[in-house]
Structure formats: structure tokens, C-alpha cells
Amino acid sequence: MLNKVMLMGRLTRDPELRATQSGVSVVTFTLAVDRNFQRQGEERQADFINIVAFRHTADFVKKYFVKGQLACVCGSIQTRTWNDQQGNKQYSTDVVADEINFVPLAKAYGIPKD
């Protein structure tokens, strides 16, 4: 089976770093990814994707990435379900990042190098 995703977008907020009970670093943030199609006269639509990263990748993201920054995320999709305090079933789909990289603006917008 194959579960691989690659996304490029902007962080919608500063990454939040915490640790698991066993001391593993975990960072979470949301990535705004523009859709390719834009209807004439309308604003471009975006999808807001939840990202989670662990260990060294989490520490790297917390140290070097901030809200509004462009990032390239490679990882896999994971889904979770749980019951909330009212007993309602909740669902979440996240990208678990294996790699998170800086994206130069020229590369992001296809600007040729001189």
C-alpha cells in the first residue's frame, strides 16, 4: 500500500510544541494550501490541512518556522476517531510529517533564476 502526501502552503499560525508523556517532542500547525482552480471574479480557495511532526522534525519546525511562512511538507495521512465528552464520535484527518522544508519564493512562484 502507498500513503504519501506532499504539500506546499503557508502556516496559518505559529507551530505549537509540546511533549508526550514519554518526553517525545510533538509539534502541530495548520498549512493553508491554495487550490489550483479559481472561478473568475472569486477569491482563490484554500484547504487548511492539520500537520503533526515528532522528535527532531518537531524541534526543527518550532525553531525555524512561523505564521505566514511557506513550507513544503512530505508525510502520510492518518485518520483518528474518538468519543468526545458528550459521547459524540469525532473524526480527524492529519498529515504526519516526515520532512518539512523551506521553500524559496522564486521556486514557489515559478520565477526563473537569472
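Analyst: Phe60 and Tyr64 both sit in helix H1, which spans residues 55–64, and because they are 4 residues apart, about one helical turn separates them. This is a predicted model. Phe60 has 28% relative accessibility and so counts as partly exposed. Tyr64, at 41% relative accessibility, is likewise classed as partly exposed.

Phe60 also pairs with Phe65: the ring centres are 5.8 Å apart and the planes stand at 70°, so this pair is edge-to-face. The cut-off behind that label is an angle over 60 degrees. Phe65 is buried, with a relative accessibility of 2%, because the limit for that class is under 20%.

Ring pairs connect Phe60, Tyr64 and Phe65, together with Phe102, into a cluster.

Back in the helix, Arg55 is also part of H1. Its backbone deserves a remark: Arg55 is not a glycine, yet its phi is positive, at about 55°. Most residues other than glycine have a negative phi. The relative accessibility of Arg55 is 52%, so Arg55 counts as exposed, the threshold being over 50%.

Definitions and conventions:
Residues numbered from 1 in each chain as written. Predicted model: local features only at pLDDT ≥ 70, side-chain atom pairs only at ≥ 80, totals over all residues. Heavy atoms only, no water. Helix = DSSP H or I, 4+ residues; strand = E, 2+ residues; numbered from the N terminus. Buried < 20%, exposed > 50% of the residue type's maximum accessible area, 1.4 Å probe, protein only. Phe/Tyr/Trp six-rings, centres within 6.5 Å; stacked < 30°, edge-to-face > 60°.
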